[in-house]
Amino acid sequence: MSGHGTPIPMTSHRSGPLTGVAEVPGDKSISHRSLILGAMAVGETKISGLLEGEDVLDTAKAMQAFGADVVNHGGGNWSVFGVGVGGFAEPENVIDCGNSGTGVRLIMGAMATCPITATFTGDASLNKRPMARVTDPLALFGTQSVGREGGRLPMTIVGATDPVPVRYEVPVPSAQVKSAVLLAGLNAPGKTVVIEQEATRDHSERMLAGFGAEISVEDTEEGRVITLTGRPELKPQVIAVPRDPSSAAFPVCAALITPGSDVLVPGIGLNPTRAGLFATLRDMGADLTYENEREEGGEPVADLRARYSPNMTGIEVPPERAASMIDEYPVLSVVASFATGKTMMAGVKELRVKESDRIDAMARGLRANGVTVEEGDDWWEVTGLGIDGVPGGATCESFLDHRIAMSFMVMGMGAQNSVSVDDGTPIATSFPIFTPLMTQLGAKLETAA
Ligand code: S3P
């Protein structure tokens, strides 16, 4: 697991044109949910294209620990033999979710209304992250929890023996919190209602409906109201996991800032709750087109074509777009460094509680590489230096955060001097083939032996 091993530095050298086809791995959010919902269905769910990153593999192990049978057939093809809603067994050991906030929060929700007790832990990054945002609403079902000071892992969850349905307005824009409450609601009798003010990624809602749960979504004056009827029998599914737009962001952004590049990233889900980065890049003047637009598994999908874009300009990123690109701000800040003018990113407080404080981590590394960054509690602004103007040359800390490490590797491809990170191992949590994939496009990445 990343963060438990020896840090391995990585360096990205200025690259020639990046060209070719970048087949990025399966979507991380959908991969976690496929395993968890598969474990809560009755019978065999077949998954193809599962992301085999460390985060998802930790969730697979956890589902096994809760009594589901999880089988890896190779090549991204997996089966989950589920135990049914309310059928989780008590794990014999501590559940280690590694680096994954999504994994731990969704699994806590899924077991919270089962009459079992489980203890969760993670790596140094995950054990710093706030869990009260999940355990507070779970308490409304009758679930108990004891963790470290500030609601941090390791934490023990005592599932409700006699759960009641809840009505909960999510106080922060978080798909993880929303999903934890919905998964807990599955084993509560009656209707569980979750209300969100800003639409966050809606994979849980779509997949719950796909698994046969009774779920409705309504946009009202109160917000986005999701109503789930508890105690369904979930029917096993055949799931083809689409490729991850958050991983696609890296080859796309790298192509935009590297002279002569022309990269095709096929089969990327453009679910509006996930595609904010691509709209933002186009607003900045990026040569990014959607080819072969189609629908797959009820989701809009396209092949993304990104070409070198020397004339991008900074913009004010609409704050209402934040939830749809929350994981992409680090790499956007790299592109913003290569644009002219300022890029303002506001309404992004949540970035401070991700795998790292992403505003702080990026600001430190960007400044070390010669870029001016100003920041406040929930905003930051990057002053672009133009396509040829980024000095680079520094080593940045990746703070056990895959997206910080990959963002600085992208920066090195277009900067005047090489850019390094102190530790590239976290990349394996979400994008295990990042280095071979980027190298095959023409990137010059070097991993310390
Ligand atoms: C995720 C939700 C987001 C996102 C994370 C994946 C999910 O987190 O940052 O990478 O799959 O539900 P928050 O719920 O904390 O916003």
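How many bridges join strand 12 to strand 13? Six bridges join these two strands, which run antiparallel, where two strands count as paired if DSSP finds at least two bridges between them.

## Basis of the model

This is a predicted model, in which local features need pLDDT of at least 70 and side-chain atom pairs count only at pLDDT 80 or more, while totals for chains, interfaces and linings use all residues. Residues are numbered from 1 along each chain as its sequence is written, and side-chain values use heavy atoms, with hydrogens and water left out.

## Strand 13 and its neighbours

Helices (H or I, at least four residues) and strands (E, at least two) are DSSP runs, numbered from the N terminus. Strand 12 (residues 215–220) is joined to strand 13 by a hairpin of two residues, and S216 stands opposite T227 in strand 13. Strand 11 (residues 191–196) also pairs with strand 13 in the antiparallel sense, over six bridges, with T229 as the bridge partner of K191.

Six of the seven residues of strand 13 (residues 223–229) are buried, so this strand is largely enclosed by the rest of the structure; buried means under 20% relative accessible area, exposed over 50%, and partly exposed in between (1.4 Å probe, protein chains only).

## Cysteines

A search of the whole structure finds zero disulfides, a disulfide being a pair of cysteine sulfur atoms within 2.5 Å. For C114, the nearest cysteine sulfur, that of C97, is 15 Å away, and C114 counts as buried at 1% relative accessibility. For C253, the nearest cysteine sulfur belongs to C396 and is 16 Å away, and C253 is buried with a relative accessible area of 0%.
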